[in-house]
Amino acid sequence: MHAWPASEVPALPGKGRDLRIHDTATGGLVTLDPGPVARIYVCGITPYDATHMGHAATYNAFDLVQRVWLDTKRQVHYVQNVTDVDDPLLERANRDGKDWVELAEGETALFREDMTALRLLPPKHYIGAVEAIPGIVPLVERLRDMGAAYELEGDIYFSVESDAHFGEVSGLDSAAMKLLSAERGGDPERVGKKNPLDPMLWMAARDGEPSWDGGSLGRGRPGWHIECVAIALDHLGMGFDVQGGGSDLAFPHHEMGASHAQALTGEYPFAKAYVHAGMVGLDGAKMSKSKGNLVFVSQLRRDGVDPAAIRLALLAHHYRADWEWTDAVLAEAVERLGRWRAAVSRPDGPSAEALVEEIREALANDLDAPAALAAVDRWAARQGADGGADEGAPGVVSRAVDALLGVAL
Ligand code: 5CA
Ligand code: ZN
């Protein structure tokens, strides 16, 4: 499917720093060393409701990864999926008496508009689960034929024991895995599975649900994790640089995905770093479509909020922190945007060379956007105060804030 238009990324003088980022698998910071083309896969939405601030915060984090890489003069090969067929989507369509295809298409279109408004750079390949099915079927057949998958009443399950590295992404013990598996789409209680954690690769057709030709698998639809594996292997291959998503995806989704791919290819690792953004909450609970405690990007836009202010509100929080969306968070961002716009609209200002390096250093240090904002705040505060009459400075700041933080002043 098509993605959304890219906002232009101004080239900055000099060169950015290599990114040090927190990797869930090792539990520490790793310095990434991508080749001339950095490869990143970020898990996309399940389009049954509009984009909320939690989604936006997660995509904002991975947009910063791209911008840091672009600033090092690399190309970025960015892939994202859309889970356009899955249980929650079908359940919501049923509940609301809607056609599931129309629901998915409508919400995906709104997501594109939100991403465009927020100036989040688009993926090079934006792929739906449904369009990936012809690529998924042979992978499941191969896993079954090599003994890494088995059939249970027509459904096909992946055997987690087939990957020696299973458990290394999340580092969780099996009790914790079982709990999370039940909460996040797994079925650890189903009788007949070899291991309660084994996830479904292919679900045999159910009455009243959509299904596709699965070759020797029979009619059905794909499981969740294999969807992202098929798309990532097709467009990036093994050993890509970053697998990204919110922290709720570390287990089971990214754990299972890594194991699927490692079992399939015999290669290790699936991704060099597994990077996870914190959860954004509202009124004391994780913002989630299933709970319904949501603040939508599209609603804020309709209310007349400047998307640049929304973006600044996201950037004011470190991507790994769990935080709460409040009116005060937005008010502070609106105020900051006003201050920055006033500062860059003056005819001159304090030299901005050091500021560009400070922003670069902050972002290269595990995407420390709050530190980058503080540096711009300091520059803006010096405007007028201690003089500084560099005529080029406002333009340099404006371009740096645009290129590195995605905020158009
Ligand atoms: N389609 C799958 C991934 S393949 C999925 O998780 N879709 S989603 O719509 O539920 O979430 C999309 C992205 O937003 C995921 O990376 C998820 O981790 C992230 N996300 C969901 N809720 C929040 C939240 N409250 N705060 C931060 N990120 C969130
Ligand atoms: Zn995914």
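The legends below describe close-up views of a predicted model. Local features need pLDDT of at least 70 and side-chain atom pairs count only at pLDDT 80 or more, while totals for chains, interfaces and linings use all residues; side-chain values use heavy atoms, with hydrogens and water left out. Residues are numbered from 1 along each chain as its sequence is written, and chains are lettered from A and ligands numbered from 1 in the order in which they are written.

**View 1. Polar contacts of ligand 1.** Polar contacts are pairs of N or O atoms within 3.5 Å. A nitrogen atom of ligand 1 is 2.8 Å from a side-chain N or O atom of Thr58. For Thr46, a polar side-chain atom lies 2.9 Å from a nitrogen atom of the ligand. Gly246 contributes a backbone N or O atom, 3.0 Å from a ligand oxygen atom. On its own, ligand 1 has 600 Å² of accessible area, of which the protein covers 94% (Shrake-Rupley method, 1.4 Å probe).

**View 2. The shell around ligand 1.** The ligand is surrounded by 24 residues (a heavy atom within 4 Å). The closest are Thr58, Thr83, Asp248, Met287 and Lys289. The shell has 12 polar, 9 nonpolar and 3 charged residues; Ala, Val, Leu, Ile, Met, Phe, Trp, Tyr, Cys and Pro count as nonpolar, Asp, Glu, Lys and Arg as charged, and the others, Gly among them, as polar. Helix H1 (53–71) gives the most, with 4 residues. Helix H6 (224–235) and strand S10 (240–246) also give two or more residues each. Helices (H or I, at least four residues) and strands (E, at least two) are DSSP runs, numbered from the N terminus.

**View 3. The sheet S13-S12-S14.** Three strands form an open sheet in this order, with mixed pairing; two strands pair if DSSP finds at least two bridges between them. Strand S13 (285–286) and strand S14 (323–324) are the edge strands, each pairing on one side only. S12 (residues 280–282) pairs with S13 in the antiparallel sense over 2 bridges. Gly281 has Lys286 in S13 as its bridge partner.

**View 4. Two cis peptide bonds.** The bond from Phe251 to Pro252 is cis, with omega near 0°. Pro252 is found in helix H7 (residues 250–265). A cis bond also joins Tyr268 and Pro269, with omega about -5°. Pro269 lies in the loop between H7 and strand S11 (271–277).

**View 5. Backbone at Glu153.** Glu153 is not a glycine, yet has a positive phi of about 50°. Glu153 is found in the loop between strand S6 (149–152) and strand S7 (155–158).

How values were computed: Polar contact = N/O pair within 3.5 Å; in protein donor to acceptor, adjacent residues only side chain to side chain.
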